[in-house]
Amino acid sequence: LFEWQAVHNGTGNTQYSGQVTLGTAPSYTLTDTNRGNHKTYNLNRGTSGTGTLFSGPDDIWGNGSPSNLETAGADAHYGAALTWDYYKNVHGRSGIRGDGVGAYSRVHYGNNYVNAFWQDSCFCMTYGDGASNSKPLTSIDVAAHEMTHGVTSNTAGLVYSGESGGLNEATSDIFAAAVEFHAANAQDVGDYLVGEKIDIRGNGTPLRYMDKPSKDGSSKDYWYSGIGNVDVHYSSGPANHWFYLLSEGSGAKTVNGVSYDSPTSDGLPVTGIGREKAALIWYKALTTKFNSRTDYAGARTGTLAVATELYGATSAEVKAVTDAWAGINVGS
Ligand code: ASN
Ligand code: ZN
């Protein structure tokens, strides 16, 4: 009739999000019994296998410092839980494949490794410890970005090169922002920045900006013919920018204490519809309209179809979707 599952919680003292509740298993491991038994492993600077499942005599994980090896485990486990909860509670999606089964995380990958990644082959994500092994790449937005690569693989399957590759990357950044906002964590407030906590550049600036992607020095603000030839982390820029414009509108704005100023390619204004509707439109397009070869023009068509289904052809939402695409030089 039903499957019995123990709900069990521990306490994480994270580096980026303060003290948090973690789904754990009794006597005691980082096994999220509340979320498909998602597990978190310690690679202890190795680069293969799963290392060891985090386990210990108490149900308190980390102390907020990166020198305590449990701390990155707590951050990664928390980020995975927030991402699970976002997809479940907002989109009705149970896990990355939608089948209720958890993935797993590996932390402390390599030495001074400044990246994180998702792999379809293991159905898992992996985090380096960052510069001087002191800034693990385990912030909420990075966790959500990597897990979303799994969602994309299991839905549209956007090929990771050319324009579809840029849309794949943008999908991870869009839901990274959406998860961070939805989490409402006081120490890592929602923003339209990617990687603002992990100091990947060593000067305190974020990795990426969604209001005006070119602020990072490499990303593109607007679509152009040939954008498919640049790195997918830069051809994502216009789609990230589209999401910002659709959510918040063009021009200057401050959200959760962060100031933005979003331009449009045509100089015309865009009126935002809020990030919840923008994320819903992207999620439905990703899961019901896009395919492995969807490009920018196809993303415009797919999101307009979704917005029309949800809100009607003459709605303010359809107009905003149209204007936001025009604002990044697609279909204008
Ligand atoms: N952190 C990078 C990403 O998820 C790894 C990669 O280049 N695939 O986009
Ligand atoms: Zn990515």
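Strand E8 (116–119) and helix H2 (140–153) each supply at least two residues of the shell around ligand 1. The structure is a predicted model; local features need pLDDT of at least 70, side-chain atom pairs count only at pLDDT 80 or more, and totals for chains, interfaces and linings use all residues. Residues are numbered from 1 along each chain as its sequence is written, while chains are lettered from A and ligands numbered from 1 in the order in which they are written. Helices (H or I, at least four residues) and strands (E, at least two) are DSSP runs, numbered from the N terminus.

The shell around ligand 1 consists of Asn115, Ala116, Phe117, His145, Glu146, His149 and Glu169. A residue is near a molecule or strand if its C-beta atom, placed from the backbone, lies within 6 Å of it. Helix H2 gives the most to this shell, with 3 residues. By class, the shell has 2 nonpolar, 3 polar and 2 charged residues. Here Ala, Val, Leu, Ile, Met, Phe, Trp, Tyr, Cys and Pro count as nonpolar, Asp, Glu, Lys and Arg as charged, and the others, Gly among them, as polar.

For "active site", an unreviewed UniProt entry lists Glu146 and His233. These two span 88 residues in sequence, yet no two of their C-alpha atoms are more than 13.1 Å apart, so they gather at one spot. UniProt positions are given in the numbering used here, feature names are shortened, and annotations may be inferred rather than shown by experiment.

Glu146 lies in helix H2. Glu146 counts as buried because it has 27 C-beta neighbours inside 10 Å. A residue is buried if 20 or more other C-beta atoms lie within 10 Å of its own, exposed if 12 or fewer, and partly exposed in between, with C-beta atoms placed from the backbone. Leaving aside neighbours within four places in sequence, Glu146 is in contact (C-beta atoms, placed from the backbone, within 7 Å) with Ala116, Phe117, Trp118 and Met125. His233 lies in helix H4 (residues 232–235). His233 is also buried, with 20 other C-beta atoms within 10 Å.

Strand E4 (residues 38–42) is mostly covered, with 5 of its 5 residues buried. Both faces of E4 are covered. His38, Thr40 and Asn42 lie on one side, and Lys39 and Tyr41 on the other.

E4 pairs with several strands; two strands pair if DSSP finds at least two bridges between them. Strand E3 (residues 31–32) meets E4 in the antiparallel sense over 2 bridges. The bridge partner of Asp32 in E4 is His38. E3 and E4 form a hairpin with 5 residues between them. Within the turn, Gly36 has a positive phi of about 65°. Strand E7 (residues 104–109) pairs with E4 in the parallel sense, over 4 bridges. There, Asn42 has Val107 as its bridge partner. Strand E5 (residues 52–53) runs antiparallel to E4, joined by 2 bridges. Tyr41 stands opposite Leu53 in E5.

Helix H5 (residues 237–248) has 12 residues, which at 1.5 Å a residue should span 16 Å. Its end C-alpha atoms are 16 Å apart, which agrees. The expected span is 1.5 Å times one less than the number of residues. H5 is mostly covered: 12 of its 12 residues are buried. Among them are Trp242, Phe243 and Tyr244, as well as Asn240, His241 and Glu248. Gly249 follows H5 and has a positive phi, near 85°.

Methods. Two residues are in contact if their C-beta atoms, placed from the backbone, lie within 7 Å.
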